[in-house]
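Subject: Structure handover

Hi,

Here is the structure we talked about. My notes follow below it.

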Amino acid sequence: MTTTAPLADQPPVSKQGAPRLLIVEDHPLFRAALVGVIGAEFPDAEVMQATSIDAALDIIVARDNPDLILLDLSMPGTSGLLGAYRVRAAAPRSALVIVSAHDDSRIVGSAIALGISGYIPKSTPKAELAQLLRGILDGEVSLPKRFRDAAAAKKGQADTKDLLRHLGQMTSQQLRVLDMICRGLQNKHIAYELDISVTTVKVHVSEILRKLDVRSRTEAIIALSKLDFGKQDHAAVTPAARESGS
């Protein structure tokens, strides 16, 4: 019987030798479906659950790296693949698998550049999903067949790698602030959400711009558009994301 951890910061300790999996998914029906597949394939597994990127990061900090993380790209409180990058940075030893309804080749390519162990469409039949998860836990990499040699996927990887180099210089708090900037939050709102001063937020913003090698919040948002599959046009920046950010 699968041990399913509650949506909390302190999941129960897994049984010795049993795989530890973290599901990061905000849709309860699909989350339940994943739990069912895992329970049938790995009866002794420990399954932890999070409904947001921040909740997932809290679990990772509290429980160290799970063996496998299943992550939906369309999560609240994050912009595109930046949330996946934050999870990847926090759990470098975990096998990270994207489970998504998005199947655009460039999105897949960008995800591959993050160092993922798999990209699984949500339409994958349960039996096939179970087989793929088994292979990934055994060290395999699983990608949709039509993307393995796709030129668009390779272009997505190339476009993303330089950006990832810049993101790799940032602290976890700076990545969180950057995510909020991309969502259009002003400095005072970021300060409120993180329970820090506006002055501290401005320091983080300055460091973020320096590490991205850009001059403004607008340029930062445009740079991050490579990881934001939800926005097709970043030229029209919302008022909250203007340079002052106050």
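**What I found**

Of the protein's 246 residues, 52% count as buried. Keep in mind that this is a predicted model. The protein has ten helices and six strands. Contacts with a separation of 6 or more are 71% between residues 24 or more positions apart.

**Helix H1**

H1 covers residues 28–41. Its 14 residues should span 20 Å at 1.5 Å a residue, and its end C-alpha atoms are 20 Å apart, so expectation and model agree. Which residues of H1 are buried? They are Phe30, Arg31, Leu34, Val35, Val37 and Ile38. These cover an arc of only 160 degrees around the axis, so they sit on the same side of H1. The general rule is that an α-helix has 3.6 residues a turn, so residues three or four places apart point the same way. On the other side of H1, the exposed residues are Pro28, Leu29 and Ala40.

**Second largest pocket**

The volume of this pocket is about 240 Å³. What lines the second largest pocket?

- Asp54, Leu57, Asp58 and Val61 are among the lining residues.
- Arg86, Ala89 and Ala90 are also included in the lining.
- Ser172, Gln173, Leu175 and Arg176 belong to the lining too.

Three helices each supply at least two residues of this lining: H2 (53–63), H3 (82–90) and H7 (172–182). By type, the lining residues divide into five nonpolar, two polar and four charged.

Best wishes

Note on methods: Residues are numbered from 1 along each chain as its sequence is written. This is a predicted model: local features need pLDDT of at least 70, side-chain atom pairs count only at pLDDT 80 or more; totals for chains, interfaces and linings use all residues. Side-chain values use heavy atoms; hydrogens and water are left out. On a 1 Å grid over the protein atoms alone, a cavity is a set of points where a 1.4 Å probe fits but cannot get out, and a pocket is an open set with protein on both sides within 12 Å along at least five of seven lines; lining residues have an atom within 4 Å of a point. Grid points are joined across faces, edges and corners, and a volume is the space filled by probe spheres set on the points. Helices (H or I, at least four residues) and strands (E, at least two) are DSSP runs, numbered from the N terminus. Ala, Val, Leu, Ile, Met, Phe, Trp, Tyr, Cys and Pro count as nonpolar, Asp, Glu, Lys and Arg as charged, and the others, Gly among them, as polar. The expected span of a helix is 1.5 Å times one less than its number of residues. Buried means under 20% relative accessible area, exposed over 50%, partly exposed in between (1.4 Å probe, protein chains only). The arc is that of the directions from the helix axis to the C-beta atoms. Contact means heavy atoms within 4.5 Å.
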